[in-house]
Amino acid sequence: MSPTFRFAVNVTPKAGILDPQGRAVEQSLPHLGVSGVSAIRVGRRVELSVEASDAAAARLVVERLAGELLSNPLIETFQIDPLGAASSLVGEPSR
Amino acid sequence: MTRVGVVIFPGSNGDEDALQAIGLADGEPVALWHEAASLDGVGAVILPGGFAYGDYLRAGVIARFSPVMRAVAAFAAEGGLVLGICNGFQVLAEAGLVPGALLRNRRLRFLGRDVTVVPERLDTPFTRALATRGPLRLPIAHGEGCYYADEATLDQLERDGQVLFRYVAADGGPAAPGDDRANPNGSLRAIAGVLNAAGNVAGLMPHPERAAEAVLRNDDGLAIIRSLVESAAERAASAGPVLVGTAP
């Protein structure tokens, strides 16, 4: 049985794209009495497990999904974080 | 009678209105299921409004990978007429069948109200039945309708006549920058609808099919649906020899 690798894909709005969610969060800061926090960008994080022969093969699958499905390259960028090799039945490994 | 298809995704909610509007425009409405691999020989296709696949991940993206979209993409590549309305526009944009993307509305709120738009061109398969370039009142109902493309693409769209509709002020004058009444979702260059480069695929955020009969006190949208039906009929007629002899 192939080993399973777990990844997180972090998708954020591209630089220069208006992010109204980030702006709304920023506008709430004065209500918390917080100042000096800026450039808030709200994105999404997708975690997934991939069965593959090795980590490099697993990463290729994640790169394809991240580029074609999880993000829209016109408006978003993504970053892939390996969460470590894990046998399929083990939960998220400690980092 | 010209058969015009309406794709039904799980979560579509504008499908019945679109089917009804096709009938009002003297076409024969044909429902197409999202798992269908063929378009049943229709002369044109509408991707309706709604929340296909719950709008999960991004509006339109999961619908883009449904089996029927493979058939729609092939149909479009052959010059077939495709109109995406609201969520259907989002599906077309995610599929790369029209340029650009639809972002969250600038003020974040879901918007359900009437807007005023003008067609930029009357010589397209989607606007030919409009009598004038005068303003139309059409309803919008969306959370992600802020049209976005990079500056170079926007310039190219303007240059090549791919801007189909624009949001304008109620009197028909241009929407001033930041005018939330006229351009409520903050679309760049106030773009409400675009064409692909070949001119046979269009995406439109407002809902012409929801303003297509007098009993609704607004039939401004009917001419858009009628344009599609007429264009599909013309296309079928010019492809006559292909249709002859298909009877068993």
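Where in chain B is B:Asp55 found? B:Asp55 lies in the loop between β3 (44-47) and α2 (61-64) of chain B; helices here are DSSP runs of H or I with at least four residues, strands are runs of E with at least two, and both are numbered from the N terminus.

## About the model

This is a predicted model, in which local features need pLDDT of at least 70 and side-chain atom pairs count only at pLDDT 80 or more, while totals for chains, interfaces and linings use all residues. Residues are numbered from 1 along each chain as its sequence is written, and chains are lettered from A and ligands numbered from 1 in the order in which they are written.

Most residues other than glycine have a negative phi. B:Asp55 is not a glycine, yet it has a positive phi of about 60°. It is partly exposed, with 18 other C-beta atoms within 10 Å. For that term, C-beta atoms are placed from the backbone, and a residue is buried if 20 or more others lie within 10 Å of its own, exposed if 12 or fewer, and partly exposed in between.

B:Arg217 also has a positive phi, near 65°, and is a residue other than glycine. You will find B:Arg217 in the loop between β11 (201-204) and α6 (222-238) of chain B. B:Arg217 is exposed, with 7 other C-beta atoms within 10 Å.

Strands count as paired if DSSP finds at least two bridges between them. Strand β4 (residues 81-85) of chain B pairs with β11(B) in the parallel sense over 4 bridges, and B:Val82 has B:Val201 as its bridge partner in β11(B). Strand β10 (residues 191-195) of chain B pairs with β11(B) in the antiparallel sense over 3 bridges; here B:Val194 has B:Gly203 as its bridge partner. The hairpin of β10(B) and β11(B) has 5 residues between the strands, and B:Gly199 takes a positive phi near 85° in it.

## Chain B as a whole

Chain B has 7 helices and 11 strands. Buried residues make up 55% of the 248 residues in chain B.

## Helix α2 of chain A

Helix α2 (residues 55-70) of chain A spans only 20 Å between its end C-alpha atoms, whereas a straight helix of 16 residues would span 22 Å at 1.5 Å a residue. That expected span is 1.5 Å times one less than the number of residues.

Which residues of α2(A) are buried? They are A:Ala58, A:Val62, A:Ala66 and A:Leu70. These residues cover an arc of only 75° around the axis, which puts them on the same side of α2(A); the arc is that of the directions from the helix axis to the C-beta atoms. The face turned away from the buried side of α2(A) carries the exposed residues A:Ala56, A:Leu60 and A:Arg64.
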